[in-house]
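Open the model in your viewer and keep the selection panel at hand.

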Amino acid sequence: MAPVAATSTTGFFQVQPDIPNQFIEDAALNRAAHLFLSQELREQRSPDLIRFADFLRTPEVWSWVANAEHDLPYVSGNGFRAFGTPNPDPLVTSNGWKQLQAAGIREGIVANGYEHELQAYARVHQMLKLYLWNPASATVTCPSAMQDGAISVLLRELLRKDVPGYTADQLPLRKKVFESALMRLMSRDPSYAWTSGQWMTERAGGSDVAGTQTVATHVGLGGNEVDGNGHPLGPWSIDGFKWFSSATDSGCVVLLAKTDDSGRLSCFWAPTRYYVNGVEHMNGIRIQRLKNKLGTKSLPTAEVELKNMRGWLIGEEGRGVVQIATVLNITRLYNAVSAMGSLGRALGVARAFARIREFPSRKPPNNVLRTLPLFVKTLAGVTLTHRADTLFTAFVSALVGAGDHPGAPSAPLVPNNPAQVAALIRILTPVLKSSTAKHSIAGVQECMESLGGVGYMENVENPEMNLACQFRNANVLAIWEGTTDVLSTDTVKVLHGRGGKATVAALDAWLRSSLPGGPESEEVLTAWSRITQLAQPQRKAEAIARARQITFALADIVAATLLLADAASDGNALALAIAQRFVRRSATFPGLQADEDDWEKECKLDAAIAFEGEANLKAKGKL
Ligand code: MFK
């Protein structure tokens, strides 16, 4: 028979992949829930997580994402009205962005972290939902992260007994201002809720904040301007210029400024708007221009000039970095959850494609992509890293939950001692953020590549498959909230700082109590002892120079421990094979060889790792 020429409407057409419910299919997420939520909570919360993951498959959600990516934010009239007068609130965001913000607030993406009933488990439950949400959110998770950070800082501030810097008559008002702000920041009502900004970065630098040129002056209360809750504006007037101000559409902001020429920084909280006789004004904020970025394009990141922005001092004057670090520790956890959520989704897209991508040149059943050993091996490699990182992320979420609720029951691997919990959160947050960001970028790239040319396309007509957009967005994860070098340096500073010995002791105790024993566990402890040697005071300069190496080794040590503990928790054979492969293939643990000489056996394990979640899909009749 003569060959038949294709036309634009006839010939071979690839069937469109159907991306399944991520909560059901994602084995890493399920193991994390298994390890860090009680069985009772899992059973109670799983129906809602499945419902949410189904909601995230709807055309409506993806039409909001497509719209947010298409109708980018802009500053109307460059900030001026038709006759040249300044426009006080010129930022325009898309309908898609607004709908996604509203959906995130309704679903309690931030509020879930403070759900009283869940106590110490609240952060793990929040993480599961945020993980699903991030890749379908057009990065409204960025303002959510800062909103959560602002809640943490305000809650901490309200607990503080000794509050210098305020007169006695200002204190009750300050309390009311913060309590009213918290009501909005924790709200699930989109018409009432506030998100928050976190403005640190200036032209002089983003990581080294010592060069800050924003100045706060104490001017006292006064005037008839009130914030959105009807309270007077704060007694500090803030002037300066912020160079990367994410979420310019937020209801409030936490920022750094200098109050004197000592060089020390102070932290302030301010509403972004005030009202006089019901008329809205920006609180001393002028948007100069929006940033033109590689990704996160739907997110309005601005250069802003501050002139007489009225705010409230948070914490002690001159101790602003320590205060804003409370925000950073939460936003860095969001960063990790988002990194894993995006990669989890990218893997879901790659698997869905692999299940149906046909090669006309081959005969069934070996004519679909998922039967190619090399393809599956690559997918298994990314899946393994993602599994390790997802457990690590869930562990730090569980630690933060335990830190929020000292003494409350929490997951088995979480220490009971609040000081040990605090030490682990401090050291592991920068380790988690930096390692998950790098792995997410590399992993999403691999998934994008697995789709061939279609992966490189923007696919705006099928935004649920848009891995090119996920890849662009993923790249910021290693940059904002501290670059990899900055966070690695922070990790080493913790090991060598005042609390260094206690940190090493906390990690040591945790590793020894969590590792189940056996050659892999021994190998993890050997790697850990190498790190402790670099924590010796005389090796500080070397440790700073080798900070990335230390940070990524720590990430592997913690992840390996979690994988081994996960396998031991229920004797799951595949979980054990995954943990063993992780340890035996990582350069951090050179003492054990990969015991996979039989290549066919190895390929079988690749397929089991890459497609583990299919069993769950089949069990639920979804495949
Ligand atoms: C979807 C996910 C969304 C995520 C949200 C994205 C929003 C994007 C907006 C941004 O990107 S905002 C800008 C982000 N900028 C950074 O992350 C800054 C990066 N630089 C650092 O992290 C520096 O380490 C830091 C400015 C925090 C401190 O550097 P310094 O000035 O050299 O101070 P130093 O000596 O390291 O720390 C000063 C004090 O703060 C020390 O305490 P002591 O004075 O008591 O010794 C530190 O222990 C403490 N500290 C620093 N980092 C801390 C911390 N304490 C607790 N936790 C931390 N993380």
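The tour goes from a pocket to a cavity and then to cysteines.

This is a predicted model: local features need pLDDT of at least 70, side-chain atom pairs count only at pLDDT 80 or more, and totals for chains, interfaces and linings use all residues. Residues are numbered from 1 along each chain as its sequence is written, and side-chain values use heavy atoms, with hydrogens and water left out.

**Stop 1: the second largest pocket**

Select Ala193, Asp249, Ser250, Gly251 and Arg273. Of the 24 lining residues, these lie nearest the centre of the second largest pocket. A pocket here is an open set of points on a 1 Å grid over the protein atoms alone, with protein on both sides within 12 Å along at least five of seven lines; lining residues have an atom within 4 Å of a point. The space in this pocket is about 580 Å³. Volume is the space filled by probe spheres set on the points, which are joined across faces, edges and corners.

Now colour α5 (95-106) and β8 (273-276). Each supplies at least two residues of the pocket lining. Which element gives the largest share? It is α5, with 5 residues. Helices (H or I, at least four residues) and strands (E, at least two) are DSSP runs, numbered from the N terminus.

Colour by domain next. Domain 1 (23-150) and domain 2 (164-173 + 193-319) each give at least three residues to the lining. Those bounds come from an automatic or database domain assignment. By class, the lining has 10 nonpolar, 8 polar and 6 charged residues. Ala, Val, Leu, Ile, Met, Phe, Trp, Tyr, Cys and Pro count as nonpolar, Asp, Glu, Lys and Arg as charged, and the others, Gly among them, as polar.

**Stop 2: the largest cavity**

The whole structure holds 5 cavities of 30 Å³ or more. A cavity is a set of grid points where a 1.4 Å probe fits but cannot get out. The largest has a volume of about 120 Å³. Select Asp26, Ala27, Ala28, Arg351 and Thr383, the closest to its centre among 15 lining residues. Then show α2 (27-36), α9 (320-356), α10 (373-404) and α20 (599-610), each of which supplies at least two lining residues. This lining divides into 6 nonpolar, 4 polar and 5 charged residues.

**Stop 3: the cysteines**

How many disulfides does a search of the whole structure find? It finds 0, a disulfide being a pair of cysteine sulfur atoms within 2.5 Å. Select Cys267: the nearest cysteine sulfur, that of Cys252, is 12 Å away.

Finish at Cys469. Its sulfur is too far for a bond, because the closest cysteine sulfur, in Cys142, is 15 Å away. Cys469 is also buried, with a relative accessible area of 8%.

Definitions and conventions. Buried < 20%, exposed > 50% of the residue type's maximum accessible area, 1.4 Å probe, protein only.
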